[in-house]
Amino acid sequence: MTGRLRTDFSGLSFPNPFILASAPPARNAEMMKRAFEAGWGGAVTKTIGLQGATNVRPRFGFLKERARVVGMTNFELISDKGLDHWVDEIADVKRAFPDRPLIASIMGSLEPADWEILTKAVEAAGADAVELNVSCPHGMPEQHMGSFMGQDPELIKLATAAVAGVATTPVWVKLTPNVTDIAAMAVAAKDAGADVIAAINTVAGLVGIDLETFEPLPSVAEKGAYGGYSGRGVKPIALRAVSSIAAAGLPVSGCGGITIWEDAAEFMLAGAGTLQVCTAVMLNGFGVIDELSAGLVQYLERKGFASYGDAVGRALPGIGDYSALDNTAGAHARVDPEACNGCGNCVPACADGGFQAISMNDKTAVIDPAVCDGCGLCPSVCRPNAITLVRS
Ligand SMILES: Cc1cc2nc3c(=O)[nH]c(=O)nc-3n(C[C@H](O)[C@H](O)[C@H](O)COP(=O)(O)O)c2cc1C
């Protein structure tokens, strides 16, 4: 089954494109080894600094819809263990799983020597690549690290050049979406020696406010902070980032909201050479790899792709600026009366969100084709999927 998923990326051979993103599921050797046993194709370690960081607790907050998590924010820092500890962890994983690419995520300061020390040490321990974290949006920027560097092309170049100057393995640079033009940041990294762009890290956000106590969420002894938003809810932001970086001709490791195999397939079509996953693993465990890889293999087979690599970027030719869209192309909504359950959800959506084209006739939605604008709103509120949009 995995043959079709095997992929070569950045000079490394992955048994499948699914990689643990740098985050708690990769916070030590024991967890990464369990992930590899479960079938993950590679892993990026939790970000390693020269020293370990001290976290607050709690540090996670959630956006839920009917008890299901749509997204989460965190304000977790880099690893609580420093470089000395990580050298042994990396060597341990590589001894147990020499065939599985292990990418060491590192974070230094504005001082290039930090990055050089980290790179040399993780490579000597056996890391197959390094990933520069210039993208963490909380805690580290206050110390002029993380997204403080990733929001300035010159500082991206400073860190990337420092690593590329000493690295003997591929250099991955993980970017923040909290910028106006992530593709421009990717080009800056590439110009300074990056081999791969990883995108995205978390989106800066505030997940909620407790209505009784007025405390921002998550609340740490009654105080809150802007955190990093991740999970399914960030997928559109991540897909935009991945496709725009891929369209600029750069190899990209996609990340942000991958939860089910269909998400993975979309990232692949948008140009992701590998797929990084964090929140879905945090919420559901390493076992999600079974559904992700089985679903993706079946999709590749059904669409006639011999390998994952054959399908990478297939959607890119159709993704562009608004100016490429044809405003003379017509569309209209159509109801399948057999499938309509008479709920009437579509009527106020069309009446107050658009064009007053839908009415109910004997418990069946009826669309007036002379009034329907083809905007595409009504299918989104149709529970039985009785409304489709067709080209006209
Ligand atoms: C609790 C938590 C801790 C994280 N720690 C790191 C980190 O140390 N280094 C890093 O590069 N990204 C870190 N991330 C970001 C993830 O690697 C990933 O880029 C982001 O969560 C989007 O992917 P997802 O939607 O699959 O979670 C962290 C994310 C979460 C939720």
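Predicted model: local features only at pLDDT ≥ 70, side-chain atom pairs only at ≥ 80, totals over all residues.
Close-up 1. Together β5 and β6 form a hairpin in which two residues lie between the strands, and R66, in the turn, has a positive phi of about 50°. In a regular strand, side chains alternate between the two faces of the sheet.

**Close-up 2. Helix α5 and its buried face.** Helix α5 covers residues 153–166, which is 14 residues, and reaches 20 Å from its first C-alpha to its last, close to the 20 Å expected at 1.5 Å a residue. The buried residues in α5 are L155, I156, A159, T160, A162 and V163; seen down the helix axis, the buried residues of α5 fall within an arc of 155°, so they line one face of the helix. An α-helix has 3.6 residues a turn, so residues three or four places apart point the same way. On the face of α5 turned away from its buried side are the exposed residues E154 and G165.

Close-up 3. At the N-terminal end, α5 is capped by D152, a side-chain oxygen of which lies 2.9 Å from the backbone nitrogen of E154.

**Close-up 4. V196 in strand β10.** V196 belongs to strand β10, which comprises residues 196–199, and with a relative accessibility of 1% V196 counts as buried. Although V196 and S253 are 57 residues apart along the chain, their C-alpha atoms are separated by 7.0 Å. When neighbours within four places in sequence are left aside, V196 is in contact with F9, S10, V171, W172, V173, P251 and S253.

Close-up 5. A disulfide is a covalent bond between the sulfur atoms of two cysteines. With a cut-off of 2.5 Å between cysteine sulfur atoms, the count of disulfides in the model comes to zero. C136 is in no disulfide, and the nearest cysteine sulfur, that of C278, is 12 Å away; at 6% relative accessibility, C136 counts as buried. C375 is likewise in no disulfide, the nearest cysteine sulfur being that of C378, 6.5 Å away, and C375 is partly exposed, with a relative accessible area of 49%.

Definitions and conventions
Residues numbered from 1 in each chain as written. Heavy atoms only, no water. Pairing = 2+ DSSP bridges. Helix = DSSP H or I, 4+ residues; strand = E, 2+ residues; numbered from the N terminus. Buried < 20%, exposed > 50% of the residue type's maximum accessible area, 1.4 Å probe, protein only. Expected span 1.5 Å × (residues − 1). Arc of directions from axis to C-beta. Polar contact = N/O pair within 3.5 Å; in protein donor to acceptor, adjacent residues only side chain to side chain. Contact = heavy atoms within 4.5 Å.
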